[in-house]
Amino acid sequence: MSVTKAPVKKRRLDLPKNALLGYARVSTGGQDLTRQLRALKAARCDRVWQDVASGKSLQGRPQLEDLLATLAPGDCLVIAEWDRATRSYADGLEILRRVIEAKAEVKVLDHPALNVGGVFGQALLGLFSSLA
């Protein structure tokens, strides 16, 4: 009989309970993260992860993966610009699945109506992802 171990969560020694965890992304090194970082700072994020990678897929974005693995119940994933986080319906739903699985929330600064705390917000984010 084999025993399947649950995924190991990241240690959170440096983060408070109910942390605000920010995410910013640009596609190339020639693009500037400043606008997104200012917005995340104004939102009072406890920590910000940033990737320089294509938005075509969630693969190849190690900082996003690390952030999602760090989420704990009560945390809030804060995204400055939703179209920087995802470019497809499937990827948007995968981000939401991981956030919901962690019992966390999503706050989208450039589209506050899309904040996810309920089913309506989740549906809107999924739709918005497909249009990005």
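The questions and answers below go through the sheet, the helices, the cores, the cysteines and the salt bridges of one predicted model.

Residues are numbered from 1 along each chain as its sequence is written, and side-chain values use heavy atoms, with hydrogens and water left out. Because the model is predicted, local features need pLDDT of at least 70 and side-chain atom pairs count only at pLDDT 80 or more, while totals for chains, interfaces and linings use all residues.

Student: What is the order of the strands in the open sheet?
Tutor: Strands (E, at least two residues) and helices (H or I, at least four) are DSSP runs, numbered from the N terminus. Two strands pair if DSSP finds at least two bridges between them. The open sheet has four strands with parallel pairing, in the order β2-β1-β3-β4.

Student: Which are the edge strands?
Tutor: An edge strand here pairs on one side only. From one strand to the next, the twist averages 25°, with axes being lines fitted to C-alpha atoms (for helices over the stretch in contact) and angles running from 0 to 180 degrees between N-to-C directions. The edge strands are β2 (47–52) and β4 (105–108).

Student: Which residue is the bridge partner of Leu77 in β4?
Tutor: Strand β3 (residues 76–79) is joined by four bridges to β1 (residues 20–26), and the two run parallel. In that pairing Leu21 stands opposite Leu77, and Leu20 stands opposite Cys76. Four bridges also join β3 to β4, again parallel. In β4, the partner of Leu77 is Val106.

Student: Which residues of β3 point the other way from Cys76 and Val78?
Tutor: In a regular strand the side chains alternate between the two faces of the sheet. In β3, Cys76 and Val78 point one way, and the residues on both sides are buried, that is, under 20% relative accessible area, with exposed meaning over 50% and partly exposed in between (1.4 Å probe, protein chains only). Those pointing the other way are Leu77 and Ile79.

Student: What angle does the direction of helix α1 make with that of β1?
Tutor: Helix α1 (residues 34–42) packs on the sheet and touches β1, β2 and β3, where contact means heavy atoms within 4.5 Å. The angle between its direction and that of β1 is about 170°.

Student: Against which elements do the buried residues of α2 pack?
Tutor: Helix α2 covers residues 62–70, and its buried residues are Leu64, Asp66, Leu67, Leu68 and Thr70. They pack against β1, β2, β3 and α4 (89–101).

Student: Which members of the largest nonpolar core touch the most other members?
Tutor: A nonpolar core is a set of buried Ala, Val, Leu, Ile, Met, Phe, Trp, Tyr and Cys residues joined through side-chain atoms within 4.5 Å. The largest has 21 residues, and β1, α2, β3, α3, α4 and β4 each give two or more residues to this core. Apart from it lies another core of nine residues, including Ala24 and Leu33. In the largest core, the members touching the most others are Leu67, Leu71, Leu77, Val99 and Val106.

Student: How many disulfides does a search of the whole structure find?
Tutor: A disulfide is a pair of cysteine sulfur atoms within 2.5 Å. The cysteine sulfur closest to that of Cys45 is in Cys76, 8.0 Å away, so the two are too far apart for a bond. Cys45 is buried at 17% relative accessible area, and Cys76 is buried at 10%. The number of disulfides found is zero.

Student: How many residues apart in sequence are the parts that Arg35 and Glu81 tie together?
Tutor: A salt bridge is a side-chain nitrogen of Lys or Arg within 4 Å of a carboxyl oxygen of Asp or Glu, and Arg35 and Glu81 meet in one at 2.7 Å, N to O. Arg35 is exposed at 57%, whereas Glu81 is buried at 12%. Because Arg35 lies in α1 and Glu81 in the loop between β3 and α3 (82–85), the pair ties together parts whose separation in sequence is 46 residues.

Student: Which helices hold Glu65 and Arg98?
Tutor: The closest N and O atoms of this salt bridge are 2.8 Å apart. Glu65 is partly exposed at 41%, and Arg98 is buried at 17%. The pair ties together parts 33 residues apart in sequence, Glu65 being in α2 and Arg98 in α4.
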